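Hi,

Here is the structure I said I would pass on. Have a look at it first, and then read my notes below.

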Amino acid sequence: MSELKATITAVGHYVPENVLTNAELEKMVMTTDEWIVTRTGIRERRIQKEGATSDLACRAAQAALHDRGIGADEVDLIIVATVTPDMIFPATACLVQTKLGATKAWGFDLSAACSGFLYALNAGSRFIESGAHKKVLVIGADKMSAITDYTDRNTCILFGDAAAAVLLEPSQEKEFGILDQVMYCDGSGAEALNMKGGGSLHPPTHETIDKHMHYVYQDGKTVFKKAVVSMADVAAEIMERNHLSGSDVGWLVPHQANLRIIDATAKRMGIDRSKIMINIEKYGNTTAATIPLCLSEWWRNGSLKRGQNVVLATFGAGYTWGATFIRWSLANPAERA
Ligand code: UT7
């Protein structure tokens, strides 16, 4: 284990202004506000009208850099976790690099769906721990509305658009920062959650478009069963490895796919509802953005405090899942004042 630790030294997020409510979805597909709220916890989500994922990502990154008080030219590496890249290539990270003016940075995209941010945080932290880099931007950004079928009630009620970013730097204090990470994947889950069209298996044709293959497909029940067990298991695993009890954890930050999955994870961890970051009601499932979006909102409103133990937990397409244990080092605006 490396002596150098990576820590989060800035956070920022961006959500588009345009709101899509459950009431509006009632007019688009056969659904009800009551069904959506009781089955998922979602009341509304944001939809980006103009621009693409790189624009969401840039706004989030700019917020983080502004808060840290540094220019984009100080960034060494940009990792963008996304399943909605602006284009298949070049990487969205390259577009973000240019739009930000991060003249000295290199970058790449990481595809792990809803686990994208935790995977990218893991990758980014290794570049800090190895001593290779001093400033790494890790961004979770998804314009899910671009790949959502608004005629499919099984999926269109779930997703929204957002981005959030963190800056990683070497920790000045070795008991603070990203202290442990556990990641898994199981490709046998590919059948249950995917977007089939547009890749090398099914290049775009009239047929792939007619069959709605360029949209998210999800077998919700199958994914739900696996998500409930996997997210709770991996959260419990990271707590055991680090000798943490429920009362030691300041915040659980779960991926926001379904309130019932979040509650099941918290129950398994022995954590009270009051210590879980939940904003699914406002944004729905924003895929790679959900976890850093929570961190940014809770930090900004003064609830996420320096010294707190924070457990991030996720589950998504792949299947991919994982958990990260952080001792939070960044003083929030109220603590700084
Ligand atoms: O983020 C990455 C990982 N993804 C997840 O973790 C998501 C996991 N899955 C889920 O969160 C849930 O499975 C869903 C929210 C997607 C669905 O909830 P569910 O309780 O599993 O519902 P279901 O798919 O089993 O459907 C139950 C019923 C069905 O009707 P019948 O067959 O019982 O008559 C559906 O056709 O609800 C129906 N239904 C709807 N009804 C009203 C499905 N979607 C809707 C809808 N409005 N939007």
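**What I found**

H243 is exposed, because its relative accessible area is 70%. Before going on, please keep in mind that this is a predicted model. H243 sits in the loop between α8 and β11 (251-254), and its phi is near 55°, a positive value in a residue other than glycine.

T287 also has a phi near 55°, again positive and again in a residue that isn't glycine. You'll find T287 in the loop between α10 and α11. Is T287 buried or exposed? T287 is buried, with a relative accessible area of 3%.

**Around α11**

Among the buried ones are T290, P292, C294, W298 and W299.

S296 is worth a click while you're there. Its relative accessible area is 0%, so S296 counts as buried. What does the side chain of S296 touch? It makes a polar contact of 2.7 Å with the side chain of H13.

E297 is in the buried set too, at 14% relative accessibility. The side chain of E297 meets K282 in a salt bridge, at 3.3 Å from N to O. That pair links distant parts of the chain: E297 belongs to α11 and K282 to helix α10 (residues 280-283), 15 residues apart. K282 is partly exposed, with a relative accessible area of 32%.

Just after α11, G302 takes a positive phi of about 85°.

**Other salt bridges**

How many salt bridges are there? The count comes to 12. Here are a few more to look up.

R306 pairs with E173, and their closest N and O atoms are 2.7 Å apart. This one also links distant parts of the chain, with R306 in the loop between α11 and β12 (309-316) and E173 in the loop between β7 (161-170) and β8 (177-185), 133 residues apart. R306 is partly exposed at 36% relative accessible area, and E173 is partly exposed at 27%.

R126 and E129 form another salt bridge, with 3.0 Å between the closest N and O atoms. Why can these two reach each other along the helix? They are 3 residues apart in helix α5 (residues 116-129), so about one helical turn separates them. As a rule, an α-helix has 3.6 residues a turn, so residues three or four places apart point the same way. R126 is partly exposed, with a relative accessible area of 37%, whereas E129 is buried, at 12%.

**Charge on the surface**

Which residues gather in a patch of positive charge on the surface? They are R39, K221, K225 and R260. K225 lies in helix α8 (residues 220-241). With a relative accessible area of 56%, K225 is exposed.

**Two buried residues elsewhere**

T7 is in strand β1 (residues 6-14). T7 is buried, with a relative accessible area of 5%, and its side chain makes a polar contact of 2.7 Å with the side chain of S329.

L56 lies in helix α3 (residues 53-68). L56 is buried as well, at a relative accessible area of 0%. If you'd like a distance to check in your viewer, L56 and F127 are 24 Å apart in space, C-alpha to C-alpha, and 71 residues apart in sequence.

**Two cis peptide bonds**

Where are the cis bonds I'd point you to? P90 is in the loop between β4 (77-81) and α4 (92-100). Another is the peptide bond from G318 to Y319, which is cis as well, with omega near 0°. Y319 lies in the loop between β12 and β13 (320-327).

Happy to go through any of this with you.

Best wishes

Technical notes: Residues numbered from 1 in each chain as written. Predicted model: local features only at pLDDT ≥ 70, side-chain atom pairs only at ≥ 80, totals over all residues. Heavy atoms only, no water. Patch = residues over 30% accessible without salt bridge, like charges linked within 9 Å, V, L, I, M, F, W, Y side chains within 5 Å. Areas by Shrake-Rupley, 256 points an atom, 1.4 Å probe, with all protein chains shown as cover. Salt bridge = Lys/Arg side-chain N within 4 Å of Asp/Glu carboxyl O. Lys, Arg positive; Asp, Glu negative; His and termini not counted. Charge placed at Lys NZ, Arg CZ, Asp CG, Glu CD. Helix = DSSP H or I, 4+ residues; strand = E, 2+ residues; numbered from the N terminus. Buried < 20%, exposed > 50% of the residue type's maximum accessible area, 1.4 Å probe, protein only. Polar contact = N/O pair within 3.5 Å; in protein donor to acceptor, adjacent residues only side chain to side chain.
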